[in-house]
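Here are my notes on this one, written as a few numbered points. Have a look at the model first, then read on.

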Amino acid sequence: MSLINVTVDGAQRSVEADQRPTQIFAEDKEIVVCKINGALKDLWTDLVDGDVVEGISISSPEGLSVLRHSTAHVMAQAVQQVFAQTRLGIGPPITDGFYYDFDPQNPFNPDDLEKIESAMRKIVKDGQRFKRRVTTEADALKELAHEPYKCELIGIKGGGTDETSVEVGGTELTIYDNLGRDGQPVWSDLCRGPHLPSTKHIPAFKLMRSAAAYWRGSEKNPMLQRIYGTAWPSQDELNAYLELLAEAEKRDHRRLGQELDLFSFPEEIGSGLAVFHPKGGIIRRAMEDYSRKRHEEENYDFVYSPHLTKAALFQKSGHLDWYSEGMYPPMILDEELHADGTVRRAGQQYYMKPMNCPFHNLIFQSRQRSYRELPLRLFEFGTVYRYEKSGVLHGITRARGFTQDDAHIYCTKEQMPAELDSLLTFVLNLLRDYGLQDFYLELSTRNPEKSVGEDSDWEEATEALRKAALAQGLETVLDEGGAAFYGPKISVQAKDAIGRTWQMSTIQVDFQLPQRFELEFAAADGSRQRPVMIHRALFGSIERFFGVLTEHYSGAFPPWLAPVQVVGIPVAEAFADYLSDAIKKMKAAGIRAELDSSDDRMQKKVRNAQMQKVPYMIIAGEEDMNSGAVSFRYRNGEQKNGVPIADAIAEILATISQRTQV
RNA sequence: GCCCCCCUAGCUCAGUCGGUAGAGCGUUUCCAUGGUAAGGAAAAGGUCACCAGUUCGAUUCUGGUGGGGGGCUCCA
């Protein structure tokens with residue numbers, strides 16, 4: 001057997017010509033796939049003289065993708081084993097896992113998933129080899145004649161999107177055969193690969209859920225059944241992932257909203273419409289009060305506008321043309337009908353407002369404006385109603401009625417760059433004040449197909465946004481062509497305590513509305529000029545931000561936001577009066593303090609306060625009473641005994657005013 | 001909006017293969033007076049989401065409506 005020279009992980013080596021990476025990396029079980037001359041390949045790939053080979057670990061991003069993709073194959077095989085008449089869609093790896101779309105005889109139910117999972121375990125145990133086979137379009141179409149979706153993919157080979165490219169991307173059309181113990185194919189799938197060497201290289205996986213998904217993501221296409229799964233390099237990592245999910249579930253704002261008595265969605269009101277309970281109300285008010293204060297400091301003017309308007313306003317703004325699907329249907333007032341039900345006198349149509357901007361424009365327009373007034377910043381906690389599709393509603397973060405911390409800034413073109421810059425600083429600092437620390441920015445630029453406004457305006461505004469973003473020193477992701485048709489925008493993405501990202505604030509330049517409303521101001525030279533309009537919301541919506549903070553803090557709000565800041569717990573009833581005095585002093589100092597005077601035992605009171613995530617428990621017994629002190633029990637279980645009442649009050653007030661977490 | 005799943009006491013959930021229901025927590029009352037995450041007892045509390053259909057009889061089966069969950073799509 002002749003020798004060939006290859007480079008393995010940077011080192012020159014001579015190997016037998018029939019050696020494959022699977023043998024070269026045999027001693028390292030972590031290596032499940034490799035790069036040959038920079039391209040990701042199966043370990044079974046034949047090598048030729050001069051190849052540069054690099055082992056890829058199962059734990060690397062590429063290795064994980066291959067693991068998950070191969071697990072998706074195993075799942076597809078299992079599904080066709082258990083449900084023979086099932087047709088295959090596509091099955092790509094995704095963040096933390098994979099999915100595969102199927103067209104089954106009947107939709108899957110949870111029992112089916114268990115059956116599929118155990119079939120998968122058998123396939124994994126079998127150690128079936130993934131064998132790549134190059135085919136031609138004609139052969140593939142013949143071989144896969146019973147798989148209509150696969151045939152469709154063959155037709156679009158090369159031009160596929162990210163997802164379909166997993167199946168048919170690249171220059172060659174390939175099929176992967178799973179070989180059984182006897183070396184004969186037991187199952188095959190159209191696939192670009194690469195794959196793990198064999199199914200036994202799947203260390204840990206779990207099927208998560210089944211759901212429906214439109215074929216190739218379009219509402220017009222048939223609906224397939226998608227099964228989501230996850231796969232990891234080790235059982236430990238799988239367990240850690242499942243724990244993270246459990247943790248996320250524990251912090252779910254919908255659950256905490258119930259447990260902490262913050263808000264609810266009474267069925268009588270309607271889907272997506274929340275009521276805030278007293279405790280939720282306190283948090284919300286604290287959020288709003290602080291925001292209001294900061295807006296005052298930033299020279300915003302506070303305005304109010306009604307929740308309803310005649311149709312004319314939204315005709316003028318254009319919302320009825322391009323947003324009517326998102327609006328509640330009109331109320332028709334003063335309509336007069338003939339006896340037969342036909343209209344004798346047309347009524348007046350009123351709409352619930354889905355946006356505040358048209359109202360603010362009317363305020364701008366209510367009199368002649370001078371350049372001396374600019375930038376004019378009109379702020380409102382504006383409650384809007386949007387008829388969101390029922391399937392998108394999600395607790396308080398995606399509701400049908402919600403309140404935006406909305407402002408519209410009218411300024412000159414010259415003022416725009418400085419305004420955007422200071423605005424972004426304001427936004428980020430405010431979010432930091434609420435406890436979010438980790439941000440990145442997303443800059444959405446023009447989609448030339450779908451936009452209004454002058455090229456030069458777009459360039460100027462985009463450039464101003466880009467500079468403002470750059471000045472923050474934060475990672476900025478470009479969302480090419482992602483802007484709304486009326487202007488470019490920056491959105492602030494924030495990471496929460498367990499690393500999930502939430503889109504928070506948006507800053508949006510608008511070239512359309514000033515035109516439609518013919519907004520003008522008198523410039524220094526006496527000419528009439530059109531102002532630049534900037535839409536911005538920092539929380540997005542108060543409800544949504546409330547939900548994000550609830551999940552971020554897992555319900556353990558920092559004292560300045562906590563609905564109850566202090567619970568007083570007497571060791572026994574005999575000390576209740578003493579502690580009651582201390583609590584009164586705290587209340588007088590502006591602290592939200594309550595005495596637990598129930599006849600529970602103190603242990604139970606501690607437990608209750610702990611479960612309500614109250615920041616401070618103030619306990620008093622004989623020792624404390626004799627020395628005019630109280631004892632702290634903090635949320636983390638730590639305690640501090642014998643603190644003079646005045647010191648205790650000072651400590652609590654300090655964390656409230658500094659908005660620190662405890 | 002689409003697909004699948006769910007709706008039983010204030011909350012979290014059992015249960016009834018069709019004969020109108022249970023637990024724990026919570027609530028109320030009583031007894032206990034207790035130094036850091038559940039003291040004890042009793043009581044109250046349900047048109048089994050709603051409306052139809054099938055049936056001698058429906059919380060249970062079927063259909064519809066409402067609400068919720070997971071996804072898809074959407075989120076200007």
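Is Arg-369 buried or exposed?

1. Arg-369 is buried, at 7% relative accessibility (buried means under 20% relative accessible area, exposed over 50%, partly exposed in between, with a 1.4 Å probe and protein chains only). This is a predicted model, where local features need pLDDT of at least 70, side-chain atom pairs count only at pLDDT 80 or more, and totals for chains, interfaces and linings use all residues. Residues are numbered from 1 along each chain as written, chains are lettered from A and ligands numbered from 1 in written order, and side-chain values use heavy atoms, without hydrogens and water.

2. Arg-369 also forms a salt bridge with Glu-373, with the closest N and O atoms 2.8 Å apart (a salt bridge is a side-chain nitrogen of Lys or Arg within 4 Å of a carboxyl oxygen of Asp or Glu). Glu-373 pairs with Arg-367 too, at 3.0 Å. Glu-373 is partly exposed at 22%, and so is Arg-367 at 47%.

3. Why can such pairs form? Side chains of opposite charge can pair when their charged atoms come close.

4. For close-up views, a phosphate oxygen of RNA strand B sits 3.2 Å from a side-chain N or O atom of Ser-390, while a base oxygen is 3.1 Å from one in Arg-398.

Technical notes:
A polar contact is a pair of N or O atoms within 3.5 Å; within protein, one must be able to donate a hydrogen and the other to accept it, and residues adjacent in sequence count only if both atoms are side-chain atoms.
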